[in-house]
Amino acid sequence: MSRVAAEFPADVPLEPALVSCQREGELVWLTIQRAEVMNCLSFPTLKRFRLLLEELREDLSIRCLLLTGAGEKAFCAGADLKERKSMPLERVAHFVRNIRALMDDVEAMPQPTVAVINGFCFGGGTELALACDLRVAAPHSELGLTETALAILPGAGGTQRLPRLIGKSRAKDLILTARKLGATEAEHLGLVNRIAPAGALRASALELAQAIAANGPVAVRAAKAAIDGGLELPQRQGLEHEARCYERVLSTQDRLEALAAFAEKRKPRYAGR
């Protein structure tokens, strides 16, 4: 049994259809397939999602992961509250641990991750987007950490990741009021990186992912690790962490290929080694 599978109660079924995995060359799309309930996260959905991530994190031929929800109405509306309502308290604790672990799994992926936000993105959906490296949204998208309106708080990383992204005061404004915001305001606050033109979300997300994939994959992973591992450290320690990450690229074939391509005035052909 895998480490992730062991973290779920034995009676939680594995249902592969809940989250699809589609490879396009060096890119992978992970899509929550629950459009009829706005792609909310049930216990089986969490299990399928986490097991996929466990498998994909070892495949370093993948240069970028794109996370989205099925349909055009919702990225993810958070936890499945209908399922949650019927859970005994001890099972709720298991669920909360696993939804928090899902966000941690996403954040810890060595490959860059892009949240492709195609509509409603509330509660755990916004927390899932926050766990990604970058966020691209359709113009009609709405986001928000709405948990306090349900007498709970963002418990899957929202209270920690949002203030680190947009600042403490702005994060408190959104979390304490449970306010929802549109894509334009989300971009203004720095919660969303890009807003796609109407009807062009997939194309815009692919353009971003392909721009990442065109670069040296070892260097991209090392740069992500340098930022994530050094940001909360004092600057001196952060610079030391950056130096350790830089050492990863010095002996790579890709670095030599980049120098050769520059000298020969051609596009480099990176192998990820």
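Thr31 lies in strand 2, residues 27–32. This is a predicted model, in which local features need pLDDT of at least 70, side-chain atom pairs count only at pLDDT 80 or more, and totals for chains, interfaces and linings use all residues. Residues are numbered from 1 along each chain as its sequence is written, and side-chain values use heavy atoms, with hydrogens and water left out. Helices, meaning DSSP runs of H or I with at least four residues, and strands, runs of E with at least two, are numbered from the N terminus.

Back to Thr31. Its relative accessibility is 12%, so Thr31 counts as buried. Buried means under 20% relative accessible area, exposed means over 50%, and partly exposed is in between, with a 1.4 Å probe and protein chains only. Beyond its neighbours within four places in sequence, Thr31 is in contact with Leu18, Val19, Ser20, Thr68, Gly69 and Ala70. Contact here means heavy atoms within 4.5 Å.

Next, Thr45, in helix 1, residues 43–56. Thr45 is buried, with a relative accessible area of 0%. With neighbours within four places in sequence left aside, the contacts of Thr45 are Leu18, Val19, Ile32, Arg34 and Cys40.

Two strands pair if DSSP finds at least two bridges between them.

How many residues of strand 5 are buried? For strand 5, residues 113–117, the count is 5 of the 5, so the strand is largely enclosed by the rest of the structure. Both of its faces are covered, with Thr113, Ala115 and Ile117 buried on one side and Val114 and Val116 buried on the other.

Strand 5 pairs in the parallel sense with strand 3, residues 64–69, over 3 bridges. Opposite Thr113 of strand 5 stands Leu65. Strand 5 also pairs in the parallel sense with strand 7, residues 134–137, over 4 bridges, and Leu134 in strand 7 is the bridge partner of Val114. Strand 7 in turn runs parallel to strand 10, joined by 2 bridges. There, Val136 has Arg194 in strand 10 as its bridge partner.

Is Asn193 buried or partly exposed? Asn193 is partly exposed, at a relative accessible area of 35%. Not counting residues up to four places away in sequence, Asn193 touches Asp133, Leu134, Arg135 and Glu187. Asn118 is 75 residues from Asn193 along the chain, and their C-alpha atoms are separated by 14 Å.

Last, the whole chain. It has 11 helices and 10 strands. Its radius of gyration is 19 Å, close to the 19 Å from the globule rule for 273 residues, so the chain is as compact as a globular protein of that length. That radius is taken over C-alpha atoms, and the rule is 2.2 Å times the number of residues to the power 0.38. Along its principal axes, the C-alpha trace spans about 65 × 45 × 40 Å. Of the 273 residues, 48% are buried. Among contacts between residues at least 6 apart in sequence, 69% join residues at least 24 apart.
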